[in-house]
Amino acid sequence: MAWETVIGLEIHAQLKTRSKIFSAASTAFGAEPNTQASAVDLGLPGVLPVVNKDVVRMAVKFALAIGAQIAKRSVFARKNYFYPDLPKGYQISQMDFPIVGEGAITITLPDGTEKRVGLTRAHLEEDAGKSVHDVFEGATGIDLNRAGTPLLEIVTEPDMRSATEAVAYARYIHSLVQYIDICDGNMQEGSFRCDANVSVRPVGSETLGTRTEVKNVNSFRFLERAIDFEVERQIDILEDGGSIVQETRLYDADKDETRSMRSKEEANDYRYFPDPDLPPLVIDDAFVEAVAKTMPELPAIRRQRFIDEMGISPVDAQALCADKQTANYFEAVLEGQSYAPKLAANWVLGEVFGRMNKEDVALADLPIAAADLGLLIKRVDDGTLSGKLGKQVFDVLWSGDTDVDAIIDARGLKQISDSGAIEAMVDEVIAANPSQLAEYRAGKEKLLSFFVGAVMKASKGKANPAQLNKMLQEKLKG
Amino acid sequence: MALTPDKLSAIAHLARLGVEPEDLAPLAADLSSVLVLVEQLQAIDTEAVEPMAHPASASLWLRDDEVTETDQRDTLQAPAPETQDGYFLVPRVIE
Amino acid sequence: MHDKTLAQQAAMLQNSRISSAELVAHYLERIDRYNPALNAYLQVDAEGAQAAASQADQARAAGNTGPLTGIPIAHKDIFCTKGIATTCGSKILENFKAPYNATVVDKLSDAGMVMLGKANMDEFAMGSSNENSYFGPVANPWQQDRVPGGSSGGSAALVAAQLASAATGTDTGGSIRQPAAFCGITGIKPTYGRVSRYGMIAFASSLDQGGPMARTAEDCALLLQAMSGHDVRDSTSSTTAVPDFSAELEAELSGLRIGLPTEYFGEGLDADIASHVQAALQELEKAGATLKSISLPNQQHCIPAYYVLAPAEASSNLSRFDGVRFGYRCKNPQNLEDLYTRTRGEGFGKEVKRRILIGTYALSEGYYDAYYLKAQKVRQLVSNDFSEAFKDVDVIAGPTTPTTAFKRDEKHGDPTSMYLNDLFTVSANLSGLPGISAPCGFSGGLPIGLQLVAPAYQEARLLNIAHRYQQLTDWHVQTPSGFE
């Protein structure tokens, strides 16, 4: 029996506003328990929710980035259930009328192929607080600092067919929300949470199998493993003739398995209804336009611009645009320069990235200013420096020096491009190596590199390679 | 539409409302009579009618993103039955 | 001084004929004497009141006064007050000290009013007789074996017994107007959104409104002025400008078109009530108004719709009462479930439990469409009825209640019979429109209320009509015997 995996993802992205969605308490991570929980967050009697404008802006920004529909009128609804980290006994969310409607994105899978993932909706809701179970004797402690933090829940159609696709999608959204500056993407702190709805069905079947929801994955690696485990588990059950129970399952990273989560979720009837404390959210064109003006150039568009206007290769463009800061750095390097952008790409992706990886330095901590690198590349391009000596200057810049020209002068690194000087050195070397000359003239053409090396040594690496090469070939021919 | 004690029990659980076993039947009877009262809604033609969830037709007022609520833990926890080290305490929950 | 209206007392204070300290001391003494029999006050804050009175007198001496400076008021115990407990008439909040004041409390305090204490009420505002209070029923001062109405029964009784110059109340299905009618005082439920609900413990969020209860429309106008206005802490509060409610009190009634719904004056209406209401309408006619028969076709559906929607919203609003962060907690909870079910089972009274259960049922899977959604649609129909009617008339009039105050225990065990008290009042809540009740007579020694409903934000119109009526009649200045 051949099985097809069907996956839909629900991502909860914590929006990086300063204050919460319904209260003016801080959203900062790591505060002492309940020091960032206002009366509204605690659900005390008589308090009421008031919506944060920036939360709405961020949701609209997301919709613009995805190209999804923006609901001109959306409604907050109450999701009712009892749990101590949910102080009001209901979560304010959105049900029938979410702020973001349908959309679709195309992602590039690791193997290079493209995959379209449909978005069903994205809606706003508040986060719950936190429970600590093993600190107090016989009791659970409740911290409501997180209660009321704004979340954007992004829901896909069940369009993904493998854990790989699911992870690629999740990574894409993870990049995107950081790129447009609505979420800090910190999975360790819980700012970006992925839940997977997983089901299987016989290949060729049109109907969906019973799905389970897998929660508690806080890394992409775990997401992949959790899905893989769940798919196998379901297939095993079905092949044994059993049926899948629709339930929520938690991923256990230590045991690399999912297990059923019974306590919280016994087929809850959430009794959704429009929250009477919040009139409908109406968004007009002016609001959307104002948000659109704050949008950064999106990765896909920037990538295409690099390819079309700068002659960067698609692979290099992808690498440069994977991270907004990298792309910014790259463009800063090019600022005011007129040489081919490709050169800068090579330097950034080659030397800079190489050093960053080798010494575990983040781009934010890069010791070489973009302008300095830009000038260095110019000096190589205009012949002042040979490529090889350029790398030497790079090293000096890396260790803290900033004046490219001063470094070149101080160390006498200027490339020798004077044809007379080169000719003199070439003549000397040829004269000093008659047997190699003879062998070369007899047909051993790879000895060219011997002569090149010898002149380079004599010139302390400063001979202009192109000129040297040309002159040697002429002179060696005789 | 009569509400059976069993159904009432299920509803009470949804609402986390403790109902003594001896109260189930009388309460179910009480509620059934209320349901009879509201049953007449079924006969009304509401085919082309939009539901009215909010009486005022005004749209939502939005607040600027500013932190104006500072730490008031002591004041806000004063009414709490049980707290420790800044946490609210409930009986141990097994997840 | 207690028999004077608030407006008269304000004039006396302004003319230094009395001081706020004297007025407060006078009321405190009366409360001591009369409250035990009425049980209208749940708490009296003598110290706080004396301090506030003294402050008001000082302010007056310095020339800083407004129309309400130094006037004593009682707050329905649904409004959060920082200094003293806010119980909502419930065991579950018996000792709850709110860390904040309700906006209404702050506004009236900023206007210089002096809080005497908190008024008894039906638990969580659910009731029409104040028999659902954990702290015992309230007696109607006119006949003490009768109910004062509810849920603002304490507020109505204490104003009628002249134990404060005025009181605040709340109205979700008639809880200001019906007790005002039963107790022979004036009470107004403003347009939904006119008065902030912040700090006003929620029963049914889309229906609740706070409002003043006093002896005259003129008094209510002064109070409503101070209570009204947009509040950034309440997303349902309106930004519509607040007019000067007192400025239009004296306007002539000529040209006023009063609509009389045939559905209000049907055969079942008590004859005495009908005749007194008719007499009141004739007074208004003499003053220049014209009467016109109209129809509110969905009137009979109001009670069923209300008794789906209000409990539904309440069932959700009351979920926060769980013994975790405030309020009553059951002893020795064995586990989380036990904590919830026993706290709520022991903490809530019978009527509250009934409504939570009905509400939960109406929202539950499989029933949402038939009950909740259906009721919201009927609500729209009710609102449409008023819109239609107001094309032809300026206000709609009728009796506030189908009966006068009934005896204690008469309806207590029969919920649906109790619900029918709200027959004429719930429609204003469902449609969000303002409604006022003013006394228009007595039947068997018990007060009768005349109700007027106006289009949205036209409270001034209602106060004007009631005021003009009160200039032509004296029902509103009667004092129940024994309370002179």
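Two strands are taken to pair if DSSP finds at least two bridges between them. Strands (E, at least two residues) and helices (H or I, at least four) are DSSP runs, numbered from the N terminus. This is a predicted model, in which local features need pLDDT of at least 70 and side-chain atom pairs count only at pLDDT 80 or more, while totals for chains, interfaces and linings use all residues. Residues are numbered from 1 along each chain as its sequence is written, and chains are lettered from A and ligands numbered from 1 in the order in which they are written.

Begin in chain A by selecting residues 77-80, strand β4, which pairs with β5(A) in the antiparallel sense over four bridges. Display Arg78(A): its bridge partner in β5(A) is Ile92(A).

Next, colour chain A by domain: domain 1 spans 3-290, domain 2 spans 297-410 and domain 3 spans 419-477, with bounds from an automatic or database domain assignment. The C-alpha centres of domains 1 and 3 of chain A are 68 Å apart.

Finally, select chains B and C. Here 42 residues of chain B are in contact with 57 residues of chain C (C-beta atoms, placed from the backbone, within 7 Å). On the chain B side, α1 (5-14), α2 (21-39), α3 (73-77) and β3 (87-91) each supply at least two residues. The largest share, six residues, comes from α2(B).

Terms used: Two residues are in contact if their C-beta atoms, placed from the backbone, lie within 7 Å.
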